[in-house]
Amino acid sequence: MTELPDHISLWAELANVAHELRHVDVAGVRTRVLRAGSGPDLILLHGTGGHLEAYARDIAGLAKDFTVTAYDMVGHGWSDLPDTPYTTDVLSDHLIGLMDALSIDQAHLSGESLGGWVTAWTAAHHPGRVDRLVLNTPGNIANKPEVMARMRDSTMIAVSDPSDANVRRRVEFLFHDTSMVTDELVNFRRAIYSRPGFLTAIKNTLVLQDPVTRARFSWDPAWVGTIKAPTLLLWTDHDPTGGLDEAAMLLGWLPDARLEVIEGAGHWPQWEKRAEFLAAHRRFLAAAPGSASSEDSAGLADSAGSGDLAGSGDLAGSGDEAS
């Protein structure tokens with residue numbers, strides 16, 4: 001028998017995991033939500049133009065220790081697309097509204113790219129709702145104008161004309177090993193980009209790439225320094241959206257943070273290096289009351305192969321929030 005590939009399908013990843021996929025009303029916004037597992041609450045946030053399937057390869061593993069909630073942010077995936085700017089505070093308010101709708105008083109938050117920005121903003125402005133925080137390749141902490149322009153252009157090309165070539169190019173940007181980009185993943189995103197109203201929605205998301213609008217929400221020690229939640233900065237050695245210099249900036253601003261670097265991955269370590277991604281979460285979140293034991297987490301960590309760094313190293317270049 002020919003050996004099966006490691007990844008068969010987005011939804012085959014959940015074939016043996018009890019889960020619920022439904023739409024939840026969040027202050028009038030029909031919001032697509034997937035939940036699985038039991039234990040402390042862990043909410044996963046995707047990035048710009050993304051969707052909850054960004055975590056398809058991780059939900060089953062995380063559900064062994066946590067009640068996992070992955071969702072499409074307002075203006076993304078198959079959630080509603082109201083015609084209003086999706087600034088960081090709006091996305092954060094949507095997250096808090098979802099937690100209220102699901103009766104989640106406090107949760108661990110793990111956000112990738114734009115999702116990391118939203119989780120950090122939430123931890124700063126709603127500290128009582130956040131237990132521990134994982135910022136996964138958050139991108140462009142330095143607010144570089146040329147990076148913002150590149151982000152707008154590349155995303156608008158893919159959404160304006162969601163052809164296979166345009167969307168595949170956009171998705172491949174997220175990966176170090178582009179052979180892991182499947183036709184299914186590309187077509188999934190093509191379907192989202194083809195939704196009626198999505199072109200307007202992505203313009204409402206890309207307001208965060210406008211320097212004037214962004215200045216109101218940009219990463220700054222004035223608010224980042226107020227985050228009380230213990231924080232894991234999860235970087236990679238091939239992230240095209242920001243080097244370890246930007247991680248070092250955050251380490252200097254956050255009162256309680258550590259940096260871990262996953263090797264051999266790009267902007268989506270949760271997909272390219274699933275074992276390392278899961279191990280990093282279990283190690284870090286195990287320290288919180290009620291989470292998986294530190295012994296179990298350490299055992300998984302020994303086999304994960306990820307690297308811990310206390311600060312910056314040889315640094316990469318510029319960044320953007322490219323989910």
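Threonine 88 counts as buried, because its relative accessibility is 0%, under the 20% cut-off. Helix α2, residues 88–101, is where threonine 88 is found. Keep in mind as you look around that this is a predicted model.

**Around threonine 88**

- Setting aside neighbours within four places in sequence, threonine 88 is in contact with Trp117, Val118, Trp121, Leu208 and Phe217.
- Threonine 122 sits 34 residues away from threonine 88 along the chain, and the C-alpha atoms of the two are separated by 9.0 Å.

**The chain as a whole**

- You can trace 13 helices and 9 strands in the chain.
- Take the contacts between residues at least 6 apart in sequence: 76% of them join residues at least 24 apart.
- The accessible surface of the chain is about 12000 Å², and carbon and sulfur atoms account for 51% of that.

**The nonpolar core**

- In soluble globular proteins, nonpolar side chains tend to be buried together.
- Here, the largest nonpolar core has 93 residues, and those with the most contacts inside it are Ile43, Ile59, Trp219, Trp223, Ile227 and Leu250.
- Helix α3, residues 114–125, gives this core its largest share, which is 7 residues.
- Tryptophan 223 is in contact with Trp117, Ala120, Trp121, Ala124, Phe217 and Ser218, once neighbours within four places in sequence are left aside.

**Helix α5 and its cover**

- Helix α5 spans residues 164–172, and its buried residues are Asn166, Val167, Arg168, Arg170 and Val171.
- Among the elements covering the buried residues of α5 are α4 (145–160) and α6 (183–193).

**An enclosed space**

- Rolling a probe the size of a water molecule over the atoms shows where empty space is left.
- The structure holds 1 cavity of 30 Å³ or more, and the largest cavity contains about 40 Å³ of space.
- To find the largest cavity, look for its lining: Leu10, Trp11, Leu14, Leu34, Leu52, Glu53, Ala56 and Ile59.
- That lining divides into 7 nonpolar residues, no polar ones and 1 charged one.
- Ile59 is part of this lining and is also listed with the residues that have the most contacts inside the largest nonpolar core.

**Two serines with positive phi**

- Serine 103 has a phi near 60 degrees, a positive value in a residue other than glycine.
- Serine 103 is found in the loop between α2 and β5 (107–112), and serine 103 counts as exposed because its relative accessibility is 69%, over the 50% cut-off.
- Serine 113 also has a positive phi, about 60 degrees, although it is not a glycine.
- The loop between β5 and α3 holds serine 113, and serine 113 is buried because its relative accessible area is 0%, under the 20% cut-off.

**Isoleucine 262 in strand β8**

- Strand β8 covers residues 257–262, and isoleucine 262 lies in it.
- Isoleucine 262 is buried because its relative accessible area is 0%, under the 20% cut-off.
- Aspartate 239 is 23 residues from isoleucine 262 along the chain, and their C-alpha atoms are separated by 9.9 Å.

Technical notes
Residues numbered from 1 in each chain as written. Predicted model: local features only at pLDDT ≥ 70, side-chain atom pairs only at ≥ 80, totals over all residues. Heavy atoms only, no water. Core = buried A, V, L, I, M, F, W, Y, C linked by side-chain atoms within 4.5 Å. Buried < 20%, exposed > 50% of the residue type's maximum accessible area, 1.4 Å probe, protein only. Helix = DSSP H or I, 4+ residues; strand = E, 2+ residues; numbered from the N terminus. Contact = heavy atoms within 4.5 Å. 1 Å grid on protein atoms, 1.4 Å probe; cavity = no way out; pocket = protein on both sides within 12 Å on 5 of 7 lines; lining within 4 Å. Points joined across faces, edges and corners; volume = space filled by probe spheres on them. Nonpolar A, V, L, I, M, F, W, Y, C, P; charged D, E, K, R; others polar. Areas by Shrake-Rupley, 256 points an atom, 1.4 Å probe, with all protein chains shown as cover.
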